[in-house]
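Work through the exercises below with the model open. Each task is followed by a solution in steps.

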Amino acid sequence: MHINTEFMAETFLASLGGIPVTLEITLVTLLISVPPAFFMALARQRRKGIGSRLASAYVSFIRGTPVVLQILFLYSLLPSLLNYLFTQVMSLQVNVFKWNTILYAFIVFSLNTTAVLSEVFRSALSTVEHGQMEGALSVGLSRRQAYARIILPQALVSALPNICNATVNLLKSTSLAFMMTVQDITAIAKVRAAYGYNYIEAYLVVLVVYILLCTVVQLLFKAVERYLSSYKKLIAA
Amino acid sequence: MLEVRNVHKSFGDNEILKGVDLKVEKGDIIVILGPSGSGKTTLLRCINFLERAEKGTMDFDDIHTEFKTASRHQINAIRKRTGFVFQNYNLFANKTALQNVTEGLTVARKVPKQEADARAKEALDRVGLSDRYDYYPSQLSGGQQQRVGIARAIAVNPEVILFDEPTSALDPELVGEVLNVMKALARDGATMIVVTHEMGFAQDVASRVVFMSEGTVVEQGAPKEIFRAPKDPRTAQFLRRILRDDYEYSI
Amino acid sequence: MRPFHPSYIITALGQIIPFLWVTLATMAGTVFFGSLAGLMLARAKVRRRPLSRALANVYIYMTRCIPSIVLLFIIYYGLPELLLAFGININGFNKAFFVITTFSVLFAANMAEVFRSAYEAIDPGQREAALSAGLSEWEAFFRILLPQCVTVALPNFANALVNLMKEGSLAYTIGMVDVMGKGQLMIGMNNGSYSLEIYLALAILYWVLTVVLEKGFGYVEKRLSSGKRIVAA
């Protein structure tokens with residue numbers, strides 16, 4: 001077998017150009033997903049009422065179906081649905097077919113990540129003892145103050161490793177964004193691979209890039225974790 | 001100053017409080033005794049609205065309220081004028097000892113930070129922790145944590161402090177330091193309601209002992225009367241058992 | 001907006017379900033090979049040999065970072081070329097071979113963690129107690145230690161299995177005809193119409209399978225961990 005190293009070097013440089021897109025999808029998705037995921041976690045914590053049930057069904061459905069299927073479904077539904085809504089229902093002069101397809105990537109991955117994060121937040125909230133809320137109420141804090149100042153800071157620390165996992169998984173899932181014609185790392189390498197049948201080289205490059213990106217993400221989370229969990233680290237000391 | 005009447009509370013089919021009355025005057029040290037399951041802790045938690053009683057009324061100085069219909073505003077007002085010391089401390093794990101005490105001052109009562117720090121340090125000094133301001137709960141022993149819990153409760157100058165079995169989660173050798181702090185508070189004229197199994201504390205410090213059994217107040221009176229000549233057979237039986245256990249424990 | 005035909009979901013399910021065995025058989029093959037490799041990795045991790053342990057750690061770390069689809073493409077396009085260099089021709093192999101290879105590589109890392117956590121959950125005191133009660137080493141292992149390990153391993157294994165099933169749906173991208181592949185073929189033959197109905201049919205199928213797997217494993221776990229349940233009550 002002949003490995004084309006020159007091609008690999010070129011592909012590496014070219015796929016570097018896709019990194020901003022990959023990171024953009026990951027970051028925007030996280031920003032969109034965190035607030036609704038948090039409120040879903042709170043709703044599910046109550047364990048009763050219609051909100052809790054709806055949230056549970058949503059999480060179960062999203063976690064029970066492959067991401068690729070969610071992408072295919074929404075990408076074949078959303079453009080024409082949005083077009084119909086904008087032009088027919090609201091009579092706006094919008095051409096959704098000219099939109100950057102990255103918008104669909106934001107939507108699809110956010111729907112998915114919201115479900116994942118709501119599970120993460122729920123289990124994190126349940127790790128904070130009930131006594132912490134009682135302690136806060138007994139000194140006169142309101143429920144909202146208790147959440148903001150006592151419960152959430154502790155829940156966040158215990159959630160960080162799982163948030164890191166979710167982020168790594170999200171980053172990996174964005175490799176499927178090429179199905180929505182988004183020009184991320186994988187898409188660029190795929191196109192280049194098809195030129196001269198240099199498949200192995202192209203995908204090996206992508207593989208290395210993902211490992212590097214994942215490493216950076218994990219190091220970042222480690223740093224944040226170390227910073228936030230000062231009160232826990234001292235236990236070991 | 002504080003009076004609750006006819007307090008009822010059930011958990012499911014299990015009726016824990018079956019119409020309890022309790023009256024507390026300023027400077028009283030009320031010790032509530034009784035076998036486990038008698039509703040002592042539940043009564044205390046209802047007074048601070050950590051549990052919602054189904055029936056009964058409460059008069060706290062000028063505040064008159066029904067337990068069932070108390071508004072959020074009233075609950076908050078009552079909580080701000082009371083302190084609560086928990087069995088398992090419930091210190092904020094993400095805050096230092098000092099921050100645990102200032103939290104209720106700065107956030108709930110809008111005391112300026114500098115003044116809050118000064119008051120919190122004074123409270124921690126009173127419980128003998130002047131060298132532990134910046135320690136996190138996880139770095140303190142059980143006895144020290146409970147003393148921070150007491151400092152947190154007294155720093156807000158509460159009109160009454162509620163103690164829910166403050167020493168029962170502690171190792172035996174750490175009980176003394178917490179009881180000493182409570183005795184000192186009593187000497188300084190604090191109003192306290194204490195649920196405990198510490199008979200010595202009840203005998204030495206209480207101005208009135210309340211004996212509860214199966215969700216009702218069976219009898220109450222000065223510690224001397226209760227301990228020497230209990231009127232109700234249930235009180236007598238309970239005291240016999242406890243005092244015998246204490247005796248056996250000491251050999 | 002084109003019309004939506006809910007009844008076609010049923011029609012699609014009827015045509016897709018006959019291909020369920022392909023999905024399940026690929027999963028079974030992956031579980032078999034992936035577990036074998038995972039067992040070796042776990043062994044390398046718990047033994048005190050620095051080199052093999054470091055290698056196992058690197059393997060597990062890297063596979064956690066690799067998107068399934070990238071590895072699938074590398075193995076599907078790359079492995080035949082690589083082996084051809086050694087004179088082995090696998091170009092005519094069944095697509096399932098490449099799918100099982102790819103997902104075994106990834107599944108092994110998950111299984112290594114499953115095995116390792118189960119192994120580490122063993123309390124040496126349990127073995128000693130069993131031996132002192134007169135059980136033989138084998139009896140102690142099969143009657144006392146193994147059941148305890150299994151309860152620790154089951155939830156993680158169920159999780160890994162569900163993930164495998166979902167990730168496995170990518171096999172259609174190299175042309176394997178499992179449930180997902182059949183769905184794509186149907187869409188292709190209909191020139192893209194009925195795509196929503198077909199995707200919904202697939203989603204329902206995967207959802208049901210996931211719930212069945214989770215509930216099934218949950219039930220087994222409950223049965224096995226009766227000892228723990230009493231403690232919790």
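The exercises concern contacts between chains in this predicted model.

**Exercise 1.** Determine which pair of chains has the most contacts, and how chains B and C stand to each other.

Solution. Step 1: list the pairs of chains that touch; there are 2, and the pair A and C has the most contacts. Step 2: check chain B against chain C. These chains do not touch, and 17 Å separates their nearest C-alpha atoms.

**Exercise 2.** Describe the size of the contact between chain B and chain A.

Solution. Step 1: count residues; chain B gives 25 and chain A gives 20. Step 2: compute the area. Between them, chain B and chain A bury about 2,000 Å², with 54% of it on carbon and sulfur atoms. Arg79(B), Phe92(B) and Asn94(B) account for 25% of the area that chain B buries against chain A, more than any other three residues.

**Exercise 3.** Find the polar and charged pairings across the interface of chain B and chain A, then describe the side that chain B presents.

Solution. Step 1: search for salt bridges, with a cut-off of 4 Å between nitrogen and carboxyl oxygen; 2 are found. Step 2: examine Arg45(B), which forms a salt bridge with Glu134(A) with the closest N and O atoms 2.4 Å apart. Step 4: assign elements. On chain B, helix 2 (72-80), strand 6 (82-85) and helix 3 (97-108) each give two or more residues to the side that touches chain A. The largest share, 4 residues, comes from helix 3 of chain B. Step 5: sort this side of chain B by class, which gives 9 nonpolar, 8 polar and 8 charged residues.

Technical notes: Residues numbered from 1 in each chain as written. Chains lettered and ligands numbered in written order. Predicted model: local features only at pLDDT ≥ 70, side-chain atom pairs only at ≥ 80, totals over all residues. Heavy atoms only, no water. Contact = heavy atoms within 4.5 Å. Buried area = accessible area lost by both parts, 1.4 Å probe. Salt bridge = Lys/Arg side-chain N within 4 Å of Asp/Glu carboxyl O. Polar contact = N/O pair within 3.5 Å; in protein donor to acceptor, adjacent residues only side chain to side chain. Nonpolar A, V, L, I, M, F, W, Y, C, P; charged D, E, K, R; others polar.
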